[in-house]
Amino acid sequence: MPQLSIVVPAYNEETKLYASLRIIVEYFRAQEESFEVIVVNDGSSDRTLQIAEGASKEMQEIRIIDYKENRGKGYAVKKGVLDSSGEIVLFMDADLSTRPEEWPKFREALNNGLDIAIGSRRANGSKIAKPQPILRETMGKVFTYLSNKILFSGQRISDISCGFKAFKREVAHELFAAQKLTDWSFDAEILYIAKKHNYSIVEVPITWTDDPNTKVKPIRAAVVAFIGLLKIRINSNNK
């Protein structure tokens with residue numbers, strides 16, 4: 001059982017995946033803890049799978065989950081988390097918008113007894129090395145505002161969707177087993193379930209860099225995410 005499981009969802013990441021995996025593995029090899037990297041190929045139509053397989057032959061810490069149909073980031077992260085065996089589970093984006101060098105702050109938070117540590121681009125001490133285009137930034141702020149109003153009853157979380165979150169193993173498996181949404185709103189669902197279970201959450205300031213080649217389409221993602229927020233409340237009320 002490794003001390004740390006790192007889940008990396010990947011959809012059509014052939015241009016950057018190998019370099020990102022090399023950076024991740026080399027960084028965590030230098031840390032004093034055992035780890036595994038779980039690459040989840042979310043039905044990519046390019047050479048993402050072949051690149052991941054090549055990387056896994058070079059770097060024994062990497063293993064792959066693969067399925068043929070694109071199911072969404074939330075589905076990919078859930079598959080990886082539920083297949084993980086580490087004492088701590090971290091998921092991070094393949095584009096390394098948040099780099100692995102941020103990890104010690106998250107490890108410290110969990111070592112201090114907290115259940116969940118989430119990256120925040122808006123917490124005091126955070127730094128945006130390369131900002132998003134105005135439209136995407138605005139959509140993100142609107143989603144965060146609506147999430148806090150609809151789901152968290154004023155208990156404000158400054159950054160819902162940052163793709164760098166760490167959980168104690170038992171907490172991660174409980175939350176992701178209960179997750180129902182598979183699109184971009186899954187982050188809000190996980191945090192909502194965590195709040196309902198009274199798990200402790202800390203926001204960790206990070207240095208973040210925008211990926212100009214992101215596959216997120218802001219308008220469509222905003223509509224899907226808003227519908228997702230309503231589904232989270234409906235699912236909760238139906239229990």
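In this predicted model, the largest nonpolar core has 36 residues, of which Ile116, Leu151, Phe167, Leu175 and Phe176 touch the most other members. A nonpolar core is a set of buried Ala, Val, Leu, Ile, Met, Phe, Trp, Tyr and Cys residues joined through side-chain atoms within 4.5 Å; buried means under 20% relative accessible area and exposed over 50%, with partly exposed in between (1.4 Å probe, protein chains only). Helix 7 (residues 186-196) supplies the largest share of this core, 7 residues. Helices (H or I, at least four residues) and strands (E, at least two) are DSSP runs, numbered from the N terminus. A second, separate core holds 34 residues, including Ile24, Ile62, Val204 and Trp208.

Residues are numbered from 1 along each chain as its sequence is written. Local features need pLDDT of at least 70 and side-chain atom pairs pLDDT 80 or more, while totals for chains, interfaces and linings use all residues; side-chain values use heavy atoms, without hydrogens and water.

| Residue | In contact with |
|---|---|
| Leu175 | Ile116, Phe167, Ile190, Ile193, Ala194, Tyr199 |
| Asp46 | Asn12, Glu13, Glu14 |

Asp46 lies in the loop between strand 2 (35-42) and helix 2 (48-58). Its side chain makes a polar contact of 2.7 Å with that of Thr48; such a contact is a pair of N or O atoms within 3.5 Å, one able to donate a hydrogen and the other to accept it, and residues adjacent in sequence count only if both atoms are side-chain atoms.

In helix 4 (residues 103-111), Trp103, Phe106, Arg107, Ala109 and Leu110 are buried. They lie on the same side of helix 4 because they cover an arc of only 160° around the axis, taken from the directions from the helix axis to the C-beta atoms. Glu108 and Asn111, on the other side, are exposed.

Key
Contact means heavy atoms within 4.5 Å. Lists of a residue's contacts leave out its neighbours within four places in sequence.
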